[in-house]
Amino acid sequence: MDGSGEVTPPLRGAGRPSTVAQYVPQVAQWLHEDPDLPGVEILRRVRLASYRGGKSALYELVRRLRGRRPVNRARSS
């Protein structure tokens, strides 16, 4: 909120648009189908789909998407 009590939108950072943004739906689908799919396999697949960005950005995306999955606390040993 600003001094007048109105809610102000957050400022956007300057810079280039995300190169991984267009791959979010596909990566989310792969992780839905196989939650344990290794990051290196996801990187291989998006590169086959013309991704030219860095692996760090992609791995960060995978980490964020995996963070959304429910935690299974009833795992058996």
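How many helices and how many strands are there in the protein? There are 3 helices and 0 strands, and from the N terminus on the elements run α-α-α. Helices (H or I, at least four residues) and strands (E, at least two) are DSSP runs, numbered from the N terminus.

The model is predicted: local features need pLDDT of at least 70, side-chain atom pairs count only at pLDDT 80 or more, and totals for chains, interfaces and linings use all residues. Residues are numbered from 1 along each chain as its sequence is written, and side-chain values use heavy atoms, with hydrogens and water left out.

**Burial and core**

Of the 77 residues in the protein, 21% are buried. Buried means under 20% relative accessible area, exposed over 50%, and partly exposed in between (1.4 Å probe, protein chains only). The largest nonpolar core has 14 residues, and those touching the most other members are Val27, Leu31, Ile42, Val46, Tyr51 and Leu58. Such a core is a set of buried Ala, Val, Leu, Ile, Met, Phe, Trp, Tyr and Cys residues joined through side-chain atoms within 4.5 Å. At least two residues of this core come from each of α1 (24-33), α2 (39-48) and α3 (55-66). The largest share, 4 residues, is supplied by α3.

Leaving aside residues up to four places away in sequence, Ile42 touches Val27, Trp30, Leu31, Leu37, Leu58, Val62 and Arg66. Contact means heavy atoms within 4.5 Å. Among contacts between residues at least 6 apart in sequence, 52% join residues at least 24 apart.

**Helix packing**

| Pair | Angle | Axes |
|---|---|---|
| α2 and α3 | about 120 degrees | 10 Å apart |
| α1 and α2 | roughly 140 degrees | within 11 Å |
| α1 and α3 | roughly 55 degrees | within 10 Å |

Axes are lines fitted to C-alpha atoms, for helices over the stretch in contact, and angles run from 0 to 180 degrees between N-to-C directions. Angles under 35 degrees count as roughly parallel, over 145 as roughly antiparallel, 65 to 115 as roughly perpendicular and the rest as oblique.

α2 and α3 pack at an angle of about 120 degrees, which makes α2 oblique to α3. Their crossing is right-handed; a crossing is left-handed if the near helix is turned anticlockwise from the far one by less than a right angle, and right-handed if clockwise. On the α2 side the contact is made by Gly39, Val40, Ile42, Leu43, Val46 and Arg47, and on the α3 side by Lys55, Leu58, Tyr59, Val62 and Arg66. These residues divide into 7 nonpolar, 1 polar and 3 charged. Ala, Val, Leu, Ile, Met, Phe, Trp, Tyr, Cys and Pro count as nonpolar, Asp, Glu, Lys and Arg as charged, and the others, Gly among them, as polar.

α1 and α2 cross at roughly 140 degrees, so α1 is oblique to α2. This crossing is right-handed. Val27, Trp30 and Leu31 of α1 make the contact with Ile42, Arg45 and Val46 of α2, giving 5 nonpolar, no polar and 1 charged residue.

α1 and α3 cross at roughly 55 degrees, so α1 is oblique to α3. The crossing is right-handed. Here Val24, Val27, Ala28 and Leu31 in α1 meet Leu58, Leu61, Val62, Leu65 and Arg66 in α3, a contact with 8 nonpolar, no polar and 1 charged residues.

**Lys55**

Lys55 lies in helix α3 and counts as partly exposed because its relative accessibility is 48%. Not counting residues up to four places away in sequence, Lys55 touches Leu43 and Arg47. The C-alpha atoms of Lys55 and Ile42 are separated by 10.0 Å, with the two residues 13 apart along the chain.
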